[in-house]
Amino acid sequence: MSGDPLTAIETGLAELGVEYRVRFADATSEQSLRAVRAEILGKKGTLTRVLRAMGQVPASERPRIGERVNAVRAEVDAAFDGRLAQILSAARQAELEAAG
């Protein structure tokens, strides 16, 4: 990321917000959903890449950016939990229909 680090982080977080929604919706199995979550929140994930510029953000802005990052991480976790519940429910329903 080049240019203003604050803008780069804000833009990256906004893009991440779109990315996880689309990719979670496209996941059709628990395994694929967990893989997407790791690609987004993992050690080498999208969020980590976005945060590389954090050291260049003015100290006065870091608490605000930190709160925003935590909010995005919480959104991703909540969306993951919701999509996982949908996938598991659909799998259980398919098993019941196959058995019935």
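## Basis of the model

The model is predicted: local features need pLDDT of at least 70 and side-chain atom pairs count only at pLDDT 80 or more, while totals for chains, interfaces and linings use all residues. Residues are numbered from 1 along each chain as its sequence is written, and side-chain values use heavy atoms, with hydrogens and water left out.

## Overall fold

The protein chain has 4 helices and 0 strands, and its pattern along the sequence is α-α-α-α. Helices (H or I, at least four residues) and strands (E, at least two) are DSSP runs, numbered from the N terminus. The radius of gyration is 17 Å, well over the 13 Å that the globule rule gives for 100 residues, so the protein chain is more spread out than a compact globule. This radius is taken over C-alpha atoms, and the globule rule is 2.2 Å times the number of residues to the power 0.38. Along the principal axes, the C-alpha atoms fill a box of roughly 60 × 20 × 20 Å.

Contact means heavy atoms within 4.5 Å. Among contacts between residues at least 6 apart in sequence, 69% join residues at least 24 apart.

## Burial and the nonpolar core

Of the 100 residues, 30% count as buried. Buried means under 20% relative accessible area, exposed over 50%, and partly exposed in between (1.4 Å probe, protein chains only).

A nonpolar core is a set of buried Ala, Val, Leu, Ile, Met, Phe, Trp, Tyr and Cys residues joined through side-chain atoms within 4.5 Å. The largest one has 22 residues, of which Ile 9, Leu 13, Phe 24, Leu 33, Ile 40 and Val 76 touch the most other members. At least two residues of this core come from each of helix H1 (5–26), helix H2 (30–41), helix H3 (46–51) and helix H4 (62–99). H4 gives the most, with 7 residues. Leaving aside neighbours within four places in sequence, Val 76 is in contact with Tyr 20, Phe 24, Ile 40 and Leu 41.

## Two single residues

Thr 46 lies in helix H3. Thr 46 counts as buried because its relative accessibility is 12%. Not counting residues up to four places away in sequence, Thr 46 touches Leu 16, Glu 19, Glu 39 and Ile 40.

Gly 82 lies in helix H4. With a relative accessibility of 34%, Gly 82 counts as partly exposed. Gly 82 and Leu 47 are 35 residues apart along the chain, and their C-alpha atoms are separated by 20 Å.
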